[in-house]
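Hello,

Here is the structure we discussed handing over. My notes on it follow below.

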Amino acid sequence: MALHFENKEYKARQKKVIRELEARGLDGLLMFQQESMYYLTGYDTFGFCFFQCLYLGTDGKIALLTRSADLRQAQHTSTIEDIRIWTDEAGARPAVQLRDMLDSLGAKGKKLGIENESYGLVHSNGLAVDAALGTWCKLSDASRLVDAIRSVKSDAELKYVRKAGKLGDAALKAAIEATHAGADEGDILAAQHAAIFAGGGDYPANEFIIGSGRDALLCRYKSGRRKLSKRDQLTLEFAGVYRHYHAAYMRTFIVGEPKKQHISMHAAALEALKAVEDVMKPGKTAGDVFDAHARVMDEHGLAHARLNACGYSLGAKFTPSWMDTPMFFHGNEFQIKANMTFFAHMILVDSKTNTAMTLARTYITGRGAPEPVSRYPLKMIVR
């Protein structure tokens, strides 16, 4: 069985969720987020793109409804013993089969939490669930219940986060070595992925970002490659990934001589990152982190070039995104605690001059200053 934690850890996580369900007056939870399923049972699949639901009752009963293609996936990768299969056929009604499963577990008429905010629970499936369960039981949105619990990492999880950081450093080193005038973006990207896979890592939850020249200003992946010029800029956002735990990075490399604006923007990004580190600690909020970043950027006259968010939580995430909650934006009252993992990104993009500069890494929070999982220096990278 491909479990990455001891069974007692999964049991402890389930008990935490049960306690929170009881505190909210709920009798059980319908989970559609793959991250919740992986966190509570180890279940590892991309089959959540189809209808799939994990149920956990306050009585400790746990059962999975999935497709036949994922039966052995659940058997091989999870602690789940009660696995039900909904039938792929014309006119399939998995939501009705979910009701049948819940009925067999004694959930009729109970008050159940449901993860409405899920990539797997598309609108049509959500409507079908409402139709099947709307009067059969009482549904209450509990989309962030498990998210809040898993935002605080166990010691065993943090070992994987630190391993992801080592893989991220290996990917950064590989990218630096592959970057030079005339280099193909595809070769740089291949070198990064090779370093991670060679180190025992996993696929990331979303594509790596790579862009040079004018496209160095982009904050998303796009298709298409180019070769680097003699004087160029290259922005990379990537993550070391281990057991689905992510340690994200973002850096802008300069090829040839940097412009004066590159130098001033890097100085601002470095100062902002240090300011963020000063407030990324228990007793502060996610909003405090953003405000520290914005204050420095604005003092440098870069309000036009910064974003309206400067990072987010990280953990064991699945496609289509490694971004987790909470996010660093103004007014976010989420309380930071010890043993959380955060990606803090200082992103500056000036469209008028086509100049980019980014500086970002992943941290583990503690009682004092956060621990960066990367050991790479923060100086500007010039090739």
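E6 is exposed, at a relative accessible area of 52% (exposed means over 50%, buried under 20%, partly exposed in between; 1.4 Å probe, protein chains only). This is a predicted model, in which local features need pLDDT of at least 70 and side-chain atom pairs count only at pLDDT 80 or more, while totals for chains, interfaces and linings use all residues. Residues are numbered from 1 along each chain as its sequence is written, and side-chain values use heavy atoms, with hydrogens and water left out.

The partner of E6 in a salt bridge is K8, with 3.6 Å between the closest N and O atoms. A salt bridge here is a side-chain nitrogen of Lys or Arg within 4 Å of a carboxyl oxygen of Asp or Glu. K8 is exposed as well, at 63%. Over the whole structure, the search finds 19 salt bridges.

Another of them joins R67 and D88, at 3.2 Å from N to O. This pair links distant parts of the chain, 21 residues apart: R67 sits in the loop between strand 3 (62-66) and helix 3 (71-77), and D88 in the loop between strand 4 (83-85) and helix 4 (94-104). Helices (H or I, at least four residues) and strands (E, at least two) are DSSP runs, numbered from the N terminus. R67 counts as buried because its relative accessible area is 16%, whereas D88 is partly exposed at 41%.

Within helix 7 (residues 155-178), K173 and E177 lie four residues apart, about one turn of the helix. Their side chains form a salt bridge of 2.7 Å, N to O. K173 is partly exposed, at 41%, and E177 is exposed, at 51%.

Beyond its neighbours within four places in sequence, H293 is in contact (heavy atoms within 4.5 Å) with A272, V276, R306, L307, C310 and M346.

Finally, K16 belongs to helix 1 (residues 7-23) and is partly exposed, at 39% relative accessibility.

Regards
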